[in-house]
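Colleague: I have a model open and want to learn how to read it. Where do we start?

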Amino acid sequence: MRGLPLSLAIEPTTACNLRCPECISGLRAFTRPTGMLGREIFEKTIEELQKKLLYLTFYFQGEPYLHPDFLEMVQFASKKGIYTATSTNAHYLSEEKARQTIASGLDRLIISLDGTTQETYAQYRVGGKLDKVIEGTKNILHWKKKMRSATPYVVWQFLVVRPNEHQIPEVKKLAREIGVDALALKTAQIYDYAQGSDLIPSLAQYSRYVRQSDGTYRIKNALHNQCWKMWHSCVMTWDGRIVPCCFDKDANHEMGQINAQTRFQEIWQSPPYQAFRQSLLRSRSQIEMCQNCTEGLKVWAQSP
């Protein structure tokens with residue numbers, strides 16, 4: 001490994017207002033420390049990577065808009081010419097936050113909308129309010145038009161699970177009415193999938209898992225000894241821990257930690273990171289976080 005990553009995901013915060021059942025943040029189930037990203041660590045990392053970094057995702061776990069400096073950090077990266085994206089449950093997109101979002105230069109905004117009725121939406125987005133999501137989306141689109149901005153590209157993301165799969169036609173219709181740029185039908189990652197789950201869709205094309213003859217389920221993906229992410233991208237947690245992949249929710253495979261003395265490149269090219277890459281090439285199926293990897297089975301995006 002001689003270069004630096006082209007893509008990076010940074011975690012603004014582990015905090016979230018919702019309690020989604022397949023989310024470590026929603027379940028409040030972290031074993032690693034929780035908190036909010038410090039500006040010093042963030043700016044230090046961006047300054048080091050700005051010449052090579054093409055794509056920056058402000059999301060790992062948690063709700064980004066809960067960080068008080070979130071949009072200032074987006075603006076910092078945008079001014080460096082880095083493409084910026086985030087994912088939100090849209091409960092904090094007030095008129096003013098929407099205006100600030102447009103002004104920040106954010107390039108891509110993914111909004112989670114997992115149902116077209118409150119009852120269905122709340123079955124997965126526990127504690128959420130569908131009307132807040134729709135209101136927040138409208139605020140973004142209003143200010144985008146008012147400020148004559150081409151960005152952010154607004155994507156409604158519909159996580160397809162069994163309780164909401166019957167509403168796919170309805171969400172397509174609603175997306176057209178509201179006027180979002182795209183609708184993404186995303187398959188759901190289930191942690192304990194082997195014995196089945198009430199969340200696994202009955203529509204096979206939207207499931208990451210397939211039922212076997214004995215009634216158990218297996219992942220659709222073949223776990224080949226390869227992974228582009230190990231050489232192109234990684235994740236930085238709120239406290240500067242570098243982990244290889246977004247499937248490592250609890251940072252069990254920490255490669256190092258950014259601090260005042262440690263540069264990103266030292267971790268990215270370190271012997272432990274190189275050894276991890278080699279272990280993946282030898283036997284990826286033996287790495288716990290890879291065993292439920294569904295890269296390539298995740299999202300179908302389309303115009304509404």
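Modeller: Start with S112, which touches S87, T88, N89, Y121, R125, V133 and Q157, not counting residues up to four places away in sequence. Contact means heavy atoms within 4.5 Å. This is a predicted model: local features need pLDDT of at least 70, side-chain atom pairs count only at pLDDT 80 or more, and totals for chains, interfaces and linings use all residues. Residues are numbered from 1 along each chain as its sequence is written, and side-chain values use heavy atoms, with hydrogens and water left out.

Colleague: Is S112 buried or exposed?

Modeller: Buried means under 20% relative accessible area, exposed over 50%, partly exposed in between (1.4 Å probe, protein chains only). S112 has 5% relative accessibility, so it counts as buried. S112 sits in strand β4 (residues 108–112).

Colleague: Which helix holds T101?

Modeller: Helices are DSSP runs of H or I, at least four residues; strands are runs of E, at least two; both are numbered from the N terminus. T101 is in helix α3 (residues 95–104). T101 counts as buried because its relative accessibility is 0%.

Colleague: How do α1 and α2 lie relative to each other?

Modeller: Two packed helices are described by the angle between their axes and the distance between the axes. Axes are lines fitted to C-alpha atoms, for helices over the stretch in contact, and angles run from 0 to 180 degrees between N-to-C directions. The axes of α1 (residues 39–49) and α2 (residues 70–78) come within 11 Å and cross at roughly 15 degrees. Therefore α1 and α2 are roughly parallel (angles under 35 degrees; over 145 is roughly antiparallel, 65 to 115 roughly perpendicular, the rest oblique).
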